[in-house]
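Thanks for coming. I have one structure to go through, and I will keep it short.

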Amino acid sequence: MTAPPLENAYLLETLHLLIEADPQDGLQTWSNFFDILFEQWELTQCQQLLRLVKSQALFSIPRSILTLLICSAEGMLFARLAHWAEAEHVYQRALQIVREVASAEEEAWVLSNLGNIYYLSRQPDLAHRAYTEALAIYEQSAHLQGQAICHNNLANIASDKNDLIEAEQHQQRGYELYQQTGDQAGVATALTNLANTLQAQGRT
């Protein structure tokens with residue numbers, strides 16, 4: 001295996017020491033760096049971070065919580081690499097864990113990501129079920145952003161099936177929710193999708 005660049009080696013060693021000194025705070029810092037590197041498409045460095053956290057003996061962190069953290073990170077990486085079967089496997093494992101130990105909103109987050117995997121791997125029925133389950137949880141907890149994302153994803157499935165009425169309903173609800181959250185990017189996306197659906201129905 002090729003050695004990491006000097007600056008990345010320094011980051012890995014720093015995170016290793018932080019996690020050893022205070023596992024909870026160290027893992028939070030690790031998670032923050034993982035998210036930053038993931039957004040920058042630094043996938044090799046993300047893989048190195050995963051190997052780091054897997055190699056450490058973290059007896060003070062509940063095993064289920066640590067496994068959930070690792071599964072979530074692995075699921076993100078597998079999805080980015082279009083390894084759908086592997087991504088589905090680790091998200092299913094994460095779903096099992098959150099239903100045992102975590103909050104309902106974390107369950108909804110995993111379900112939503114699992115829905116994305118099903119959608120991208122062309123399994124729309126399974127995607128629809130996962131998004132619908134996530135939406136129900138987000139509605140119970142009044143998580144508006146989560147609801148908006150689920151409606152947007154369900155609209156995509158309806159559009160693919162040429163069910164323009166259902167797509168419009170989800171897009172309209174998503175638009176309303178994005179407005180409530182103040183997410184202007186979400187509002188713009190919802191409006192664009194809604195306009196396209198109305199145009200397809202001849203209602204321009």
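This is a predicted model: local features need pLDDT of at least 70, side-chain atom pairs count only at pLDDT 80 or more; totals for chains, interfaces and linings use all residues.

The largest pocket holds about 560 Å³ of space. It is lined by 22 residues, and those closest to its centre are Gln28, Ser31, Ile65, Leu69 and Glu106. Which helices supply at least two residues each of that lining? They are α2, residues 23–39, α4, residues 63–80, and α6, residues 104–120. The largest share comes from α2, with nine residues. By residue class, the lining of the largest pocket has 15 nonpolar, five polar and two charged residues.

Next, helix α3, which runs over residues 43–55. It has 13 residues, and from first C-alpha to last it reaches 18 Å, close to the 18 Å expected at 1.5 Å a residue. The buried residues of α3 are Leu43, Cys46, Gln48, Leu49, Leu50, Leu52 and Val53. As background, an α-helix has 3.6 residues a turn, so residues three or four places apart point the same way.

Last, the backbone in two loops. Alanine 82 sits in the loop between α4 and α5. Its phi is positive, about 65°, although the residue is not a glycine.

Alanine 142 is in the loop between α7, residues 124–140, and α8, residues 144–160. Here too a residue other than glycine has a positive phi, near 55°. Alanine 142 is exposed, with a relative accessible area of 54%.

That is what I had to show.

Key:
Residues are numbered from 1 along each chain as its sequence is written. Side-chain values use heavy atoms; hydrogens and water are left out. Helices (H or I, at least four residues) and strands (E, at least two) are DSSP runs, numbered from the N terminus. The expected span of a helix is 1.5 Å times one less than its number of residues. Buried means under 20% relative accessible area, exposed over 50%, partly exposed in between (1.4 Å probe, protein chains only). On a 1 Å grid over the protein atoms alone, a cavity is a set of points where a 1.4 Å probe fits but cannot get out, and a pocket is an open set with protein on both sides within 12 Å along at least five of seven lines; lining residues have an atom within 4 Å of a point. Grid points are joined across faces, edges and corners, and a volume is the space filled by probe spheres set on the points. Ala, Val, Leu, Ile, Met, Phe, Trp, Tyr, Cys and Pro count as nonpolar, Asp, Glu, Lys and Arg as charged, and the others, Gly among them, as polar.
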